[in-house]
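Biologist: Could we go through this structure together? I would like to start with its aromatic residues.

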Amino acid sequence: MPAFVDAAREIARLKLEVPLPRRWSHVRAVAAKARKVSQAIPPEDRDVLVASAWLHDVGHSPELVDTGFHSLDGGRWLKGQGIDERVAALVAHHSCAWLEAEERGLGKALAEEFTREQSAVADALCFSDMTTGPDGQDFEVLERLAEIRSRYGPDHLVTRFILKAQPEMITAVRRTQARLSAAPQPM
Ligand SMILES: [Fe+2]
């Protein structure tokens, strides 16, 4: 594992493993999936994808909660730690975070502080997160979206966000699947 990815893994482990073991299982599986689907993106972007997958939920760590919006809290904290800016921005914007930011009245802050990358890398990160369950199990995207809605319940802000974000998430997953089918298979 390159040092950069290894460092990302270690940061995530330190912040999540003890306080949030279930979240840590999810994150490990998301990172493993990102490594697998990195065939769908250019080789020079693969470490950025995997490092972002390790760090995507770091903002859930009780130590890092500030606004309570994990994508922004994680992105801001990573930026403050001097982590690669592209990784911090991918974390801040992961899995359609801009739509959740709007629900939370944080849309402007997110947009001003972090550039939203619209790329195969951002799609692959969304794919890895949205096809992995809370315990690290494999899910089809529709199953995963239903799982989130039932975990939070019909009146929760996250459920409202998921309902808005669904079409975009599904499209990002399908684009990644299409890139994977088109990618040369490793020997
Ligand atoms: Fe996640």
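Predicted model: local features only at pLDDT ≥ 70, side-chain atom pairs only at ≥ 80, totals over all residues.

Biologist: How many aromatic pairs does a search of the whole structure find?

Modeller: The search finds one aromatic pair. Trp24 and Trp54 form this pair, with 5.7 Å from centre to centre and 35 degrees between the planes, and the pair is tilted.

Biologist: Why does the pair count as tilted?

Modeller: Planes under 30 degrees apart count as stacked and those over 60 as edge-to-face, so a pair in the remaining range is called tilted. The angle between the planes of Trp24 and Trp54 is 35 degrees.

Biologist: Which helices hold Trp24 and Trp54?

Modeller: Trp24 belongs to helix H2 (residues 21–37) and Trp54 to helix H3 (residues 46–55). The two are 30 residues apart, and the pair links distant parts of the chain.

Biologist: What else does Trp54 touch?

Modeller: Leaving aside residues up to four places away in sequence, Trp54 touches Val5, Ala8, Arg9, Ala12, Val27, Arg28 and Ala31 as well as Trp24. Trp54 is also among the residues with the most contacts inside the largest nonpolar core, which has 57 residues. Leu49, Leu55, Leu110, Met130 and Met169 are the others named there.

Biologist: Let us turn to the metal. Which residues coordinate the iron ion?

Modeller: The iron ion is coordinated by His26 and His56 through NE2, and by Asp57 and Asp129 through OD, at 2.1 to 2.5 Å. The spacing of these donor residues in sequence is H-x29-H-D-x71-D.

Biologist: Where in the chain are His56 and Asp129?

Modeller: His56 is in the loop between H3 and helix H4 (70–80), while Asp129 is in helix H8 (residues 120–130). They are 73 residues apart, and this pair too links distant parts of the chain.

Biologist: Are those two buried or exposed?

Modeller: His56 is buried, with a relative accessible area of 0%. Asp129 is buried as well, at 4%.

Biologist: And why is the arrangement around the iron ion irregular?

Modeller: The four donor atoms subtend angles of 83 to 174 degrees, and the arrangement is therefore irregular. For reference, the ideal angle for four tetrahedral donors is 109.5 degrees.

Biologist: Now to H4. Which residues are buried there?

Modeller: In H4, the buried residues are His70, Ser71, Leu72, Asp73, Gly74, Gly75 and Leu78. Their cover includes H3, helix H5 (85–92), helix H6 (97–103) and helix H7 (107–113).

Biologist: What follows H4?

Modeller: Gly82 follows H4, and its phi is positive, near 80 degrees.

Biologist: One last topic: charged residues. What does the charged end of Lys79 sit over?

Modeller: The charged end of Lys79 sits over the ring of Phe114, 4.5 Å from the ring centre.

Biologist: And where is Asp6 found?

Modeller: Asp6 is in helix H1 (residues 3–16), and it is partly exposed, with a relative accessible area of 38%. Asp6 and Asp47 are 41 residues apart in sequence and 9.9 Å apart in space, C-alpha to C-alpha.

Notes. Residues numbered from 1 in each chain as written. Heavy atoms only, no water. Phe/Tyr/Trp six-rings, centres within 6.5 Å; stacked < 30°, edge-to-face > 60°. Helix = DSSP H or I, 4+ residues; strand = E, 2+ residues; numbered from the N terminus. Lys NZ or Arg CZ within 6 Å of the ring centre and 35° of its normal. Donors = N, O, S within 2.8 Å, 3.2 Å for Na, K, Ca; no water. Tetrahedral: all angles 85-135°; square planar, octahedral: opposite > 155°, others 65-115°. Buried < 20%, exposed > 50% of the residue type's maximum accessible area, 1.4 Å probe, protein only. Contact = heavy atoms within 4.5 Å. Core = buried A, V, L, I, M, F, W, Y, C linked by side-chain atoms within 4.5 Å.
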